[in-house]
Amino acid sequence: MLSFLFKKKENIKPDLSFIGVDMHSHLLPGLDDGLQTMEDTLLFMERLQQLGYRKLICTPHILSDLYPNSPGTILPRLDEVKKAVAARGLAIEVAAGAEYMVDMEMENYLRDKKQMLSFGNKNVLIEMSYLAESPNIEQVIFEMRMQGYQPILAHPERYNFYHQRFEQYQRFIDLGCLMQVNLLSLLGYYGKPIKMVAEKLARNKMIDLLGTDMHHEKHLAALEELATRKEFYTLAEGLDIKNSKLFGSL
Ligand SMILES: [Fe+2]
C-alpha cells in the first residue's frame with residue numbers, strides 16, 4: 001500500500017443549505033447568455049435543490065441591445081418556469097429580479113423614474129463590464145439610494161481594475177451597496193487573482209451575499225465541486241452571509 005504517499009483529499013457531503021437562497025443566476029430560459037431551454041432550467045433547479053437551495057431568484061441580464069430585457073420579458077418567463085417547476089413536482093421556490101448593467105441606459109431609467117425589477121425589499125442587482133469601470137457607477141448608486149432601492153454590486157472581485165485599488169470596495173459599502181461575491185470565485189474558477197481578491201474580501205468581512213451567477217453546465221459542475229471542499233465551509237463560517245435573512249420565504 002502506497003496510499004500514505006498521497007495526500008488524502010478531504011471531500012465532504014455537499015450542503016449549501018446555509019446559503020439557502022440564491023439571488024444571482026441566469027436560469028430563466030432563452031432570455032440571455034444563460035440557459036436556453038425549459039428542460040435545462042428544470043434539471044439545473046433540481047440539482048441546485050439537491051445542493052441545499054430552497055429558493056432561486058433568477059436575474060437575467062438587462063444590457064441595452066445585447067439583452068434587451070425588461071419586466072415585460074422577464075415576468076412572463078418566470079410564470080412559465082413556476083408552472084413547469086410545479087408540474088415537475090420540484091419543491092423549490094422561484095422568483096426573479098434582473099442584473100442591470102450600469103450604463104447610460106440605466107442612468108436614463110433612473111432619470112425617468114422607471115420602475116426597476118427588484119426583489120426582496122427593493123433590492124436591485126447591478127454589474128459593470130469586466131474591462132472598465134462604469135464612469136457613472138457612483139452617481140447611479142447614489143440615485144438608486146435616493147429612489148429607495150438597495151443596490152447590490154454583483155461580483156466585485158471580478159472587476160480587475162479594482163484589484164490594485166482595494167479601497168474602492170469600502171467606498172461602495174460606504175455608499176450603501178451590498179456586496180455579492182460569486183461562489184465560483186472562491187473555487188478559483190475565474191483565475192487566481194480573482195480568487196485572491198474574493199478571499200481578501202472575505203477576510204475583511206466585506207461580503208454580504210454569495211451568488212451562483214449560474215449560466216451553464218460548467219458552472220454547475222464547478223459549484224458541485226466547491227460544495228465538497230471542506231476549506232470552503234471553513235471560509236464561509238467566518239462570513240455573515242445574508243442570503244436567507246434578506247430573501248428567504250416570507
Ligand atoms: Fe450574472
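Reply: The model is predicted; local features need pLDDT of at least 70, side-chain atom pairs count only at pLDDT 80 or more, and totals for chains, interfaces and linings use all residues. Residue numbers start from 1 along each chain as its sequence is written.

Strands (E, at least two residues) and helices (H or I, at least four) are DSSP runs, numbered from the N terminus. Two strands pair if DSSP finds at least two bridges between them. Strands of a sheet pair through backbone hydrogen bonds, either parallel or antiparallel. Strand 3 runs parallel to strand 5 (residues 99-101) and is joined to strand 5 by 2 bridges. Across this pairing, H61 stands opposite E99.

Further along the sheet, strand 6 (residues 123-127) and strand 7 pair in the parallel sense over 4 bridges, and V124 stands opposite P151 in strand 7. Strand 7 (residues 150-154) is mostly covered, with 4 of its 5 residues buried. Buried means that 20 or more other C-beta atoms lie within 10 Å of the residue's own, exposed means 12 or fewer, and partly exposed lies in between; C-beta atoms are placed from the backbone.

The loop between strand 7 and helix 5 contains H155. H155 is buried, because 23 other C-beta atoms lie within 10 Å. H155 also has a positive phi of about 30° although it is not a glycine. Most residues other than glycine have a negative phi. A second case is K205, with a positive phi of about 55°, in the loop between helix 7 (192-203) and strand 9. K205 counts as exposed, because it has 10 C-beta neighbours inside 10 Å.

Now the helices. Two packed helices are described by the angle between their axes and the distance between the axes. Axes are lines fitted to C-alpha atoms, for helices over the stretch in contact, and angles run from 0 to 180 degrees between N-to-C directions. Helix 3 (residues 104-111) and helix 4 (residues 137-146) pack at about 25°, with axes 10 Å apart. Helix 3 and helix 4 are therefore roughly parallel (under 35 degrees; over 145 is roughly antiparallel, 65 to 115 roughly perpendicular, the rest oblique). M106, E107 and L110 in helix 3 meet V140, E143 and M144 in helix 4, where contact means C-beta atoms, placed from the backbone, within 7 Å. This contact has 4 nonpolar, no polar and 2 charged residues. Ala, Val, Leu, Ile, Met, Phe, Trp, Tyr, Cys and Pro count as nonpolar, Asp, Glu, Lys and Arg as charged, and the others, Gly among them, as polar.

Helix 1 (residues 38-51) and helix 2 (residues 71-88) have axes that come within 10 Å and cross at roughly 60°. That makes helix 1 oblique to helix 2. M38, T41, L42 and M45 of helix 1 make the contact with V81, A84, V85 and R88 of helix 2. The residues of this contact divide into 6 nonpolar, 1 polar and 1 charged.

Technical notes. Two residues are in contact if their C-beta atoms, placed from the backbone, lie within 7 Å.
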